[in-house]
Amino acid sequence: MSGLALLMGLLVLAYAGSFIVAAHPGRRLGSTSGIELVVLGVALGPEALGVIGPDALATLAPVAHIALGWVGLILGVEARASLRRGTAGAFLRGFGLALATALAVAAPLFALLSGFGRLGVQTSLVLAIGGGVASAGVLPAPPAVEGEEATHDARASGADLACIAMLVLVSTLASWRGAPTLAWSLGVAGPTVGVLLGLTAAALVGKEPRDDAIWGVLLGVSMLAIGVAARLSLHAIAIAFAIGAMLAVASPARSQVRALVAPTARPVQLPTLVLAGASVDPHALASTRLLVSVASVALAARLLVRVLAARGARRTEERAAADGTPPLGVFVGLSIALASPRAQDLDEASHLGALLLLIAALAALFGELARARMRAAAVPSASGRPQTKEASP
Amino acid sequence: MSRGGASPRRGVVARLTQGLALAVIFAILFVATRATPAFHGTSGTVAAVGFLLLAGTLASELLDALGVPHLTGYLLAGILAGPHALRLIDHASVEELTSVDTLALALIAMAGGAELDLESVKKGLKSLAFSTMLQTAVLAVGMVAAFMAARPLIPFARPLGFGALLGAGLLWSVLAMSRSPSATLGILAQTRAQGPLTRWTLTFVMSSDVVVVVLLAAALTVARVLIEPGATLSAKAFQALGHEIVGSVSLGTTLGLLLAAYLRLFAKGLPIVFVALGFGFTEVLRYLHFDPLLTFLVAGFVVQNLSRQGKTFLHAIERMGGVVYVVFFASAGAHLDLPLLAELWPVALLLAGSRAALSYGAARLSARVARDDAVVRRWSFAGLVSQAGLTLGLSATIEHEFPMLGAGFRALVLATVALNEMVGPIIFKLALDKAGESRPEERTSVVPEVAEAE
């Protein structure tokens, strides 16, 4: 299928989807994590049905990069809103939980991979931390207790920030070639560019802008950031996150910006998930001897830390968060970022992205099951209202 | 742009902020391109789109203080960043950016059609007929003469015999008759102008598109006899032209009715519809050998005049166009071949000057004969100077049909269009301001008023 035809198809899908969503506001189609779309992508991809061929994938790669950058921007814009409501504690708890999960998964994974012998220290470290990030995070699940939305959103934002920081770390590690200055600059240059562009965007958006004016600025800044990130081998999602955070901090029109961009997250993510799935080579993945052991260790470590966290949690909501699934944008970012040419220079790296995507997908699947169990057990709220932060992964 | 209520200090702060923002984005892309000079890829185009959108808008806001039209600001930003100046955007990215043109031209044509109110057209029919006839006749004769007179200055024309020179001059004269719907609409979108001059210019420029397409087909047939020995007159070209025009109008009418029905039933998701039309439907039209510009023009006209959805339709185009036009014109600026312009500027200036003078004379004469309003009599020439994408498209057709004229013909067209593209919008905006038809209080911009944030 040609790139143009596929793009048109995605456009029509998005268009039809917008009608369905508009007809049922508040109702979410499919799972919260959108994991079924990754599976759909694998099925449609070049290694399975071949509906999305290699050429179409190459043509649409920029679309995926733009989508990832846009997701980063939304996460950044959302971050301040979570902190502003006096929910710094929840934010920090989300941050800490994500960090703890990532480290808890990364440590046994690193031990396993180092023991395997064929992988170098660098590759093992990248894969281990990558697996940790793929397993971490808190997806904003619907609060069972009414009035808990702010706390819940803050926790999710904290986890997002932790994941993005670790993503930058993984990216920097993947490009490490014995030159600390280069690696350091990669870790610092991205956020610096993001902060500069974010301040520029805040200045341009102004105080009481029109909606289309905001769109103009956001599109311009995001696309420039994503293009520059690709040129300098920086992490687009981290730069875009910094832009969003700066906008949220410095722009007087932050509420308007947030109201505009938040509803776009899911429509942007879903096609990206299909593309991420299509970029996975299931045959190559199946031939990787490490597959079963790595996936099992990652999953077991994640479950362990989540169970411990849930035991320590005081409230139902805390437990629901502890059982949450990884943020969508992060695992999509992982799969694509690690499939970049820079990472492919590493040993067995061509399978890294797919392997990490698999870890994230398994974590998402178990998270979905846990959430379903929690929802069934929880007392419904008075209004029976749906979750409030659907847009933010 | 300055607004009535903003204090001078706020205005200065706004300009400084915009200047600083412009410097930051130039610096970021400068560092990125210099750090990775060998980088080639689609991401370069993504960065270019973002950069042109921001830089074009900021440059236009800064130049607005000097009374320069926004469109010129977009062009300047593109020229400065383009492959012939700072090289922030490379040749490959500039070429890839042409895909934005199809969307921009579809929007421009639909907006142009929707701006044509049937009642106004009917009222101005006499004026339109006179001006079309006189502009065509004066430019046909005058530009052939100017081209032949400039022969010693034109490298590719020197070896041509009299017949071939006459044929080349004839083709040149048709190109000279082409105007720029995009520049016209770009200026009108910025100034929000309303009045007799606005209506006249819009009606004339949009209808001249159709006239030029027909005349080019005729000129190609006649010029072939003059330029190529042994060639004879053939009706085949006119047959194809008839098919193109009738087909485009029919399909445009159908599309317009469908759009009107869609607007009535849904009235949402229009940006997606426009993207699908701009990219997808344009491909279909090309496959069918129909003229996309004419088709979309008719569609816009139908929505405006045969339904009650005209306002909604125009508003939606304006909102989306605010972003698309910036990239379109800024990439046109990046396209400008500065070394070529430096080489051919004397003859380009001569030909562009001749065209402007002849357009001025014909406009004054036709306005007098048709007894137009005083403001039209005085300023109607101003909207006829700009040339842009349509002229370049026509010149590509000529180059394809007459390879013996070589790349020199197209190079001269490029140089002349570059001059008209830079000067035309300035003259038109000035005329609208002088005629009192600009409405600065209703102006729109992609970048909001920074001063308000201070």
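A salt bridge is a side-chain nitrogen of Lys or Arg lying within 4 Å of a carboxyl oxygen of Asp or Glu. Over all chains, the structure holds seven salt bridges.

This is a predicted model, in which local features need pLDDT of at least 70 and side-chain atom pairs count only at pLDDT 80 or more, while totals for chains, interfaces and linings use all residues. Residues are numbered from 1 along each chain as its sequence is written, chains are lettered from A and ligands numbered from 1 in the order in which they are written, and side-chain values use heavy atoms, with hydrogens and water left out.

| Pair | N to O distance |
|---|---|
| B:R224 and B:E228 | 3.3 Å |
| B:E401 and B:R224 | 2.4 Å |
| B:R286 and B:E283 | 3.6 Å |

The residues B:R224, B:E228 and B:E401 are linked in a network of salt bridges. Helices here are DSSP runs of H or I with at least four residues, numbered from the N terminus.

Accessibility is sorted into buried (under 20% relative accessible area), exposed (over 50%) and partly exposed (in between), with a 1.4 Å probe and protein chains only. With a relative accessible area of 23%, B:R224 is partly exposed; B:E228 is partly exposed at 23%, and B:E401 is partly exposed at 27%.

In the pair of B:R286 and B:E283, the two residues are three residues apart in helix α12 (residues 270-287) of chain B, and they are therefore separated by about one helical turn. B:R286 counts as partly exposed at 44% relative accessibility, and B:E283 is partly exposed at 39%.

**A helix crossing in chain B**

Helix α2 (residues 42-64) of chain B and helix α14 (residues 310-335) of chain B have axes that come within 8 Å and cross at roughly 95 degrees, the axes being lines fitted to C-alpha atoms over the stretch in contact, with angles running from 0 to 180 degrees between N-to-C directions. α2(B) and α14(B) are therefore roughly perpendicular to each other, a term for angles of 65 to 115 degrees. Contact, meaning heavy atoms within 4.5 Å, is made by B:V49, B:L52, B:L53, B:G56 and B:T57 of α2(B) with B:V323, B:V326, B:V327, B:A330 and B:S331 of α14(B).

Notes:
Parallel < 35°, antiparallel > 145°, perpendicular 65-115°, else oblique.
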